[in-house]
Amino acid sequence: MQHLHGAQEVNTLEQVNVKLARFGGHFKQSVGKTVFANYCDFEGVTSLHLIYEDENKNRVSVFVTPKNGNFDFVKDFSNDQFIGKGLSYGDAHVTVVGEDQQILEQYSQKISQNLDWEIWFLIKRHLFILLQ
């Protein structure tokens, strides 16, 4: 995975929401301590990569990808090192990846409760696609 525009530490909800706005979403409130937020190349698609850390230094990665990306969305997955949970919204997928099932579930729930999608942005995007 290649990160675009260099790594950047992000401390505020506003900074995360500025990046998330590109995908038509925003968090109503923070879902945890953000240690990283930047765009990355996720399977050939420009996506938003967020890393959250809890008070015990457990980390999860959150990937926001547009639905028009050229990769297959997987709802749940696991391998020897990581487990992941996919959440599907209007025009975007959110994939939460971590090492601990309980931590993963906690962050997935926080994200689902606090992530809103800009209806006007989604309508505008659909109109743009239709007019092409």
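**Terms and their cut-offs**

Visitor: Why is Lys85 called partly exposed?

Guide: Lys85 has a relative accessible area of 22%. Buried means under 20%, exposed over 50%, and partly exposed in between (1.4 Å probe, protein chains only); Lys85 is therefore partly exposed. This is a predicted model, in which local features need pLDDT of at least 70 and side-chain atom pairs pLDDT 80 or more, while totals for chains, interfaces and linings use all residues. Residues are numbered from 1 along each chain as its sequence is written, and side-chain values use heavy atoms, without hydrogens and water.

Visitor: What makes Lys85 and Glu105 a salt bridge?

Guide: A salt bridge requires a side-chain nitrogen of Lys or Arg within 4 Å of a carboxyl oxygen of Asp or Glu. For Lys85 and Glu105 the N to O distance is 3.6 Å, and the pair qualifies. Lys85 lies in strand β7 (residues 83–88) and Glu105 in helix α2 (residues 101–114), so the pair ties together parts 20 residues apart in sequence. Helices (H or I, at least four residues) and strands (E, at least two) are DSSP runs, numbered from the N terminus.

Visitor: How do you know that Glu53 is buried?

Guide: The relative accessible area of Glu53 is 8%, and the limit for buried is under 20%; therefore Glu53 is buried.

Visitor: Which residue forms a salt bridge with Glu53 at 3.8 Å?

Guide: Lys57 does, and at 58% relative accessibility Lys57 counts as exposed. Arg59 also meets Glu53 in a salt bridge, at 2.8 Å.
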